[in-house]
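Here is a short briefing on one structure.

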Amino acid sequence: MQLWVGLGNPGPQYAMHRHNVGFMVLDAIAEVHDFTPPKKQFQGWTQEGRIGSHKLILLKPATFMNESGRSIRAAMDFYKLTPADVTVFHDELDLAPFKVKVKTGGGTAGHNGLRSTDQHLGPDFRRVRLGIGHPGHKDRVTGYVLGNYAKAEIEDLSDMLGAIAAEASWLAEGNDARFMSDVATRLQRD
């Protein structure tokens with residue numbers, strides 16, 4: 001069993017924030033792969049399903065970003081999982097908008113959701129980094145990250161979410177390179 005976690009903040013006022021792209025990805029995966037309806041548990045919302053032969057639990061922590069690790073740890077302990085079974089989807093300032101990269105381990109780059117996850121799990125979980133780009137100056141980061149996607153970005157956002165959901169089987173298989181390659185191919189523009 002694998003635990004796939006989307007980082008975000010609960011509540012409709014945050015729904016379209018760049019910081020909530022992790023939640024958006026889980027919603028797309030759940031819809032495309034016909035997961036169960038959300039249920040409240042582990043201080044968040046979970047959905048269960050299969051991608052290929054792999055059983056997955058999707059988790060959206062409802063603890064707010066800064067406490068995401070508590071929710072993730074509770075789910076891990078319940079299912080007796082290790083950090084190697086956990087994949088966290090999160091926004092990434094240091095990647096161009098709508099680029100998708102996967103890595104295991106690493107630092108938190110000032111991301112409060114990753115910092116909390118790291119505190120509760122250690123660094124050895126898989127991360128799916130979802131590029132949001134950088135606003136250009138560190139003083140503008142908070143407003144940018146906690147701002148809604150612009151209308152002009154919605155089509156690209158939708159394409160990225162669709163590509164990730166369509167290629168999720170590679171992620172479930174543990175073939176991160178093929179997942180990244182196939183998502184990038186789907187997102188290439190003419």
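Ala, Val, Leu, Ile, Met, Phe, Trp, Tyr, Cys and Pro count as nonpolar, Asp, Glu, Lys and Arg as charged, and the others, Gly among them, as polar. By that scheme, the lining of the second largest pocket divides into 7 nonpolar, 1 polar and 4 charged residues. The model is predicted.

**Second largest pocket**
- This pocket holds about 280 Å³ of space.
- Its lining has 12 residues, and Phe98, Lys99, Ala184, Leu187 and Gln188 lie nearest the centre.
- Strand S6 (100-104) and helix H7 (176-187) are the elements that give two or more residues to this lining.
- H7 supplies the largest share, 4 residues.

**Largest pocket**
- The volume of the largest pocket is about 360 Å³.
- It is lined by 19 residues, of which His19, Gly110, His111, Asn112 and Val145 are the closest to its centre.
- Strand S5 (86-92), H3 and helix H4 (141-145) each give two or more residues to the lining.
- By class, this lining has 7 nonpolar, 9 polar and 3 charged residues.

**Helices H2 and H3**
- Helix H2 (residues 68-79) packs against helix H3 (residues 112-121) at an angle of about 40°, and their axes are 7 Å apart.
- That angle makes H2 oblique to H3.
- Their crossing is right-handed.
- On the H2 side, the contact involves Ser68, Gly69, Arg70, Ile72, Arg73 and Met76. On the H3 side, Gly113, Ser116, Thr117, His120 and Leu121 meet them.
- The residues of this contact divide into 3 nonpolar, 6 polar and 2 charged.

Terms used:
Residues numbered from 1 in each chain as written. Predicted model: local features only at pLDDT ≥ 70, side-chain atom pairs only at ≥ 80, totals over all residues. Heavy atoms only, no water. Axes fitted to C-alpha atoms, helices over the stretch in contact; angles between N-to-C directions. Parallel < 35°, antiparallel > 145°, perpendicular 65-115°, else oblique. Left-handed = near helix turned anticlockwise from the far one by under 90°. Contact = heavy atoms within 4.5 Å. 1 Å grid on protein atoms, 1.4 Å probe; cavity = no way out; pocket = protein on both sides within 12 Å on 5 of 7 lines; lining within 4 Å. Points joined across faces, edges and corners; volume = space filled by probe spheres on them.
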